[in-house]
Amino acid sequence: MYRGKLASSELFTILGGFISSLLFLVLLTFIGNFQEANGIRTGWGAVILAEAVALIAASTVHRVCITTCFLFSAGLLYEINKISGVVVSKVESKTKRH
């Protein structure tokens with residue numbers, strides 16, 4: 001949509017990669033919720049599919065957007081995994097008390 005503007009400078013190119021990584025986050029959430037709603041176990045397939053779509057979207061803007069999208073997505077995936085571990089441990093500790 002704003003391909004020309006996002007490819008115009010270095011800062012906007014990095015911003016394009018970050019926006020593509022947000023697309024990764026939204027797609028990962030959608031795919032994971034869809035799989036859980038249908039009783040399918042969510043795994044690395046959802047991560048790979050969401051990352052592939054985000055990287056393809058980033059590649060339409062600029063080559064550097066692909067790299068920054070991958071790096072931002074890896075950071076987001078790490079944070080999501082960390083938050084998920086905290087939430088699961090809290091749920092397990094509550095079930096053990098009762």
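Select Ile 31. Leaving out residues up to four places away in sequence, Ile 31 touches Ala 46, Leu 49 and Ala 50. Touching, or contact, means heavy atoms within 4.5 Å.

Before you go on, note that this is a predicted model: local features need pLDDT of at least 70, side-chain atom pairs count only at pLDDT 80 or more, and totals for chains, interfaces and linings use all residues. Residues are numbered from 1 along each chain as its sequence is written, and side-chain values use heavy atoms, with hydrogens and water left out.

**Stop 1**

Buried means under 20% relative accessible area, exposed means over 50%, and partly exposed is in between (1.4 Å probe, protein chains only).

**Stop 1: helix 3**

Helix 3 has 16 residues. From first C-alpha to last, helix 3 reaches 22 Å, close to the 22 Å expected at 1.5 Å a residue. The expected span is 1.5 Å times one less than the number of residues.

Now colour Ala 46, Val 47, Ala 50, Glu 51, Ala 54 and Ala 58, which are buried in helix 3. Why are they on the same side of helix 3? Because they cover an arc of only 120° around the axis. The arc is that of the directions from the helix axis to the C-beta atoms.

Turn to the other side of helix 3. Ile 48 and Ile 56 are exposed there. Pick Ile 56: its relative accessibility is 56%, so Ile 56 counts as exposed. Draw a line from Ile 56 to Ile 66. Their C-alpha atoms are separated by 7.9 Å, and the two residues are 10 apart along the chain.

Next, click Ala 57, also found in helix 3. Ala 57 has 28% relative accessibility, so it counts as partly exposed. Leaving aside neighbours within four places in sequence, Ala 57 is in contact with Ser 20 and Leu 23.

**Stop 2: helix 2**

Select residues 10-37, which are helix 2. Helix 2 has 28 residues and reaches 41 Å from first C-alpha to last, close to the 40 Å expected at 1.5 Å a residue. Its buried residues include Gly 16, Gly 17, Ser 20, Ser 21 and Gln 35.

Zoom in on Thr 13, in helix 2. Is Thr 13 buried or exposed? Thr 13 counts as buried, because its relative accessibility is 5%. Neighbours within four places in sequence aside, Thr 13 is in contact with Leu 6, Ala 7, His 62, Val 64, Cys 65 and Thr 68.

Now pick Leu 15, found in helix 2. Leu 15 is partly exposed, with a relative accessible area of 35%. Go from Leu 15 to Ala 57: they are 42 residues apart in sequence and 13 Å apart in space, C-alpha to C-alpha.

**Stop 3: the annotated regions**

Residues 12-32 are 100% helix and 0% strand, with end C-alpha atoms 30 Å apart. Residues 44-72 are 90% helix and 0% strand, and their end C-alpha atoms lie 18 Å apart.

**Stop 4: the salt bridge**

How many salt bridges does the structure hold? It holds 1. A salt bridge is a side-chain nitrogen of Lys or Arg within 4 Å of a carboxyl oxygen of Asp or Glu. Select Lys 82 and Glu 79: they form a salt bridge, and the closest N and O atoms are 3.5 Å apart. Lys 82 and Glu 79 are 3 residues apart in helix 4, so about one helical turn separates them. Lys 82 is partly exposed, with a relative accessible area of 42%. Glu 79 is partly exposed, with a relative accessible area of 35%.

Conventions:
Helices (H or I, at least four residues) and strands (E, at least two) are DSSP runs, numbered from the N terminus.
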